[in-house]
Amino acid sequence: MKNILKNIKGTKDISAEESYIWQYIENYIHNFFDSFGYSEVRTPTFENTELFVRSIGGDTDIVSKEMYSWIDQGNNTLTLRPEFTASVVRYFIQNQLHKINPSHKIYYIGSSFRRERPQKGRLREFRQFGIEAFGSKNPEQDAEIISMAYNFYKNLDISNLKLELNSIGSKESRIEYRKVLKSFLEKFKTDLSEVSQKRLESNPLRILDTKIDFEKDIIKDAPKIIDYLSKNDQKSFSATLDLLDSIKIPYTINNYLVRGLDYYSQTVFEIQSDLLGAQSALCGGGRYDYLVEELGGEPTPAIGFAAGIERLILAIENNNRIAKKNPDIYIISIDESSHKYSFAVENSLRRNKKLKIISDKLRRTMKSQMKDANRLMAKNVIIIGEEEMNSGQLTLKDMNTGDQQKLTLDNIVDHFK
Ligand code: HAM
């Protein structure tokens, strides 16, 4: 029998102890992207399966084996989004955004779902954030996206960042390359996995993204796409590199980087960190100049990237510390009448919306409440007992210095202004 009291393999509870880190990161994401003029879009968690098949590509691992799909009661074939780009492109076309403005800059945060083998940094429900810029085919746009991805991590003090770039060219450049690559790989056909043998016919570039070691060895000697780029493709790639050089973003060229999704053209990139272990990719992205048109929209160049939040947090936890906000005040009340009075005291103090105030609801002894205040690292404690009730003077204790003073409620309210 299934254990219903255990979360599903590959999913994760974000616990009360760690959620403050998530909130910090989410705030950082909103502020960072907003500062570049990107606006948040929230699309539904599930879409028509066909949207993902046509965008990501039927030969990819994501579509061929990792999607959570089902047929609903109305006979619709639906899928939990394995990524956001397809949904954002659907949103762009559906709302005819190209008519409103020639440029659209969008970001998103939310869960994505892929039925992969779970391991550290790899989940079946993971949280992704990312950005998509529609409208510009210029290298400045490529450089903006790539440098944003790099600086996003750099500003969080994540060290050991490795940015890899490649150009996989326009459709035209790829016609010739596809032929050359295919005839190279055909020499090793019988050594290739069953999946790669199929891909050799349908989509040989996909084989460059293999995770199998013996196939990686074969690929080391394969022809490189960079040698088959058209003049225009070469020009725009080197202009992108120049822009990155001009602001000193360090990168390496990886001629075999093709990424795991089929919609890419021209610039592709990934950022890795060796803090992460096997699942070293912090983020990945690239241009997808044909996708809007292929899905039925007006031809619109676009580029973006996406990143996993779980992996980002793994990298941060290994690296530096984000502090949780400690309570400003812990209110201790000692007997039945002071429990009641403390409820009103707390309410008065709460007019100052910046204060974090905690009070005991277990009617514990003063000693236990003090212990709890220490556990929570409260900065101050207010003690309300019979004596305080009678005199109208409450005890305020600074937990850092140990100093104690008697103050009226009005004085305490002023004290925290
Ligand atoms: P992706 O490389 O498939 O690209 O995913 C982007 C990032 O999501 C990865 O680098 C990784 O950090 C995270 N990620 C992917 N799968 C998992 C998983 N199973 N568990 C945890 N984290 C994961 C895309 O999704 C494209 N839509 C990126 C893009 C946007 N390209 C253009 N625009």
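The model is predicted, so local features need pLDDT of at least 70, side-chain atom pairs count only at pLDDT 80 or more, and totals for chains, interfaces and linings use all residues. Residues are numbered from 1 along each chain as its sequence is written, and side-chain values use heavy atoms, with hydrogens and water left out.

Let us start at the ligand. It is surrounded by 28 residues, and the closest are Glu83, Glu116, Leu123, Glu132 and Tyr264; a residue is near a molecule if one of its heavy atoms lies within 4 Å of it. By type, this shell divides into 13 nonpolar, eight polar and seven charged residues. Here Ala, Val, Leu, Ile, Met, Phe, Trp, Tyr, Cys and Pro count as nonpolar, Asp, Glu, Lys and Arg as charged, and the others, Gly among them, as polar.

Now look at some individual polar contacts, which are pairs of N or O atoms within 3.5 Å. A nitrogen atom of the ligand has a polar side-chain atom of glutamate 116 at 2.7 Å. Arginine 259 places a polar side-chain atom 2.9 Å from a ligand oxygen, and a polar backbone atom of glycine 308 is 3.0 Å from an oxygen atom of the ligand. Taken alone the ligand exposes 670 Å², of which the protein buries 95%, by the Shrake-Rupley method with a 1.4 Å probe.

Which elements give two or more residues to this shell? They are β6 (125–134), β10 (281–287) and β11 (302–308), where strands are DSSP runs (E) of at least two residues and helices (H or I) of at least four, numbered from the N terminus. The largest share, six residues, comes from β10.

Finally, turn to the helices. Leu51, Phe52 and Ser55 in α2 meet Ala86, Ser87 and Arg90 in α4, with contact meaning heavy atoms within 4.5 Å. The residues of this contact divide into three nonpolar, two polar and one charged.

Terms used
A polar contact is a pair of N or O atoms within 3.5 Å; within protein, one must be able to donate a hydrogen and the other to accept it, and residues adjacent in sequence count only if both atoms are side-chain atoms.
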